[in-house]
Amino acid sequence: IYSGVAPTGTLESYTTIPEYMAGHYMLQSASSFLPCIALAPQPGDKVLDMAAAPGGKAAYLAALMRNQGSVVANDANDKRVKSLSANMQRLGVTCGVVTCIDGRLMPTLSTTFDRVLLDAPCSGLGVIAKDPSVRYQKDESDIHKCSAL
């Protein structure tokens with residue numbers, strides 16, 4: 001994790017500069033990358049990211065592993081797999097494979113993993129610090145829907 005001066009502006013202004021397109025960075029909040037640090041993957045591990053799109057966490061896991069081992073970046077939503085695959089490629093992940101499988105079917109596959117990351121679909125309340133209007137768009141029923149997953 002590095003600190004430095006970044007350009008100011010909109011998300012689009014970050015994603016159109018050459019350094020972004022070349023895979024030098026991906027914008028993430030601490031709530032996105034801290035679970036990867038806590039998972040502590042090691043080079044040579046087999047790691048599964050069960051809800052991987054858009055790919056920032058999976059790419060960071062691969063970086064923590066020095067691209068040694070394997071990262072299965074899975075997302076059950078086929079509409080999100082395209083961006084997941086593009087980001088994994090853009091960020092230089094060479095130890096990864098992208099899948100589109102219902103996570104409930106993972107135990108039936110003939111493979112095991114050393115570590116599994118599941119940043120389950122959430123309520124979206126974690127972005128209140130960046131977007132205070134979110135608190136007015138959600139209610140208690142949204143939390144109950146997520147807990148049923």
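This is a predicted model: local features need pLDDT of at least 70, side-chain atom pairs count only at pLDDT 80 or more; totals for chains, interfaces and linings use all residues.
An α-helix has 3.6 residues a turn, so residues three or four places apart point the same way. After H3 comes alanine 40, which has a positive phi, near 55°.

Helix H5 comprises 13 residues, 78-90, and reaches 19 Å from its first C-alpha to its last, close to the expected 18 Å. Val81, Leu84, Asn87, Met88 and Arg90 are the buried residues of H5. Glycine 92 follows H5 and has a positive phi, near 80°.

The largest nonpolar core has 19 residues, and Ala58, Leu61, Val71, Ala73, Leu84, Met88 and Val93 are those with the most contacts inside it. H3, H4, strand E2 (70-74) and H5 are the elements that give two or more residues to this core. The largest share, five residues, comes from H4. Beyond its neighbours within four places in sequence, leucine 61 is in contact with Cys36, Leu39, Pro41, Val47, Asp49, Val71 and Leu117.

The model has three salt bridges. In one of these, the side chains of arginine 115 and aspartate 45 meet at 2.6 Å, N to O. Arginine 115 lies in strand E4 and aspartate 45 in the loop between H3 and E1, so the pair ties together parts that are 70 residues apart in sequence. Arginine 115 is partly exposed, at 24% relative accessibility, whereas aspartate 45 is buried, at 12%.

Lysine 57 forms a salt bridge with aspartate 119, with the closest N and O atoms 2.8 Å apart. Because lysine 57 belongs to helix H4 and aspartate 119 to the loop between E4 and helix H6 (140-148), this pair ties together parts 62 residues apart in sequence. Here lysine 57 is buried, with a relative accessible area of 15%, and aspartate 119 is partly exposed, at 35%.

Arginine 104 forms a salt bridge with aspartate 102, the closest N and O atoms being 2.6 Å apart. Arginine 104 is exposed, with a relative accessible area of 69%, while aspartate 102 is partly exposed, at 29%.

Definitions and conventions. Residues are numbered from 1 along each chain as its sequence is written. Side-chain values use heavy atoms; hydrogens and water are left out. Helices (H or I, at least four residues) and strands (E, at least two) are DSSP runs, numbered from the N terminus. The expected span of a helix is 1.5 Å times one less than its number of residues. Buried means under 20% relative accessible area, exposed over 50%, partly exposed in between (1.4 Å probe, protein chains only). A nonpolar core is a set of buried Ala, Val, Leu, Ile, Met, Phe, Trp, Tyr and Cys residues joined through side-chain atoms within 4.5 Å. Contact means heavy atoms within 4.5 Å. A salt bridge is a side-chain nitrogen of Lys or Arg within 4 Å of a carboxyl oxygen of Asp or Glu.
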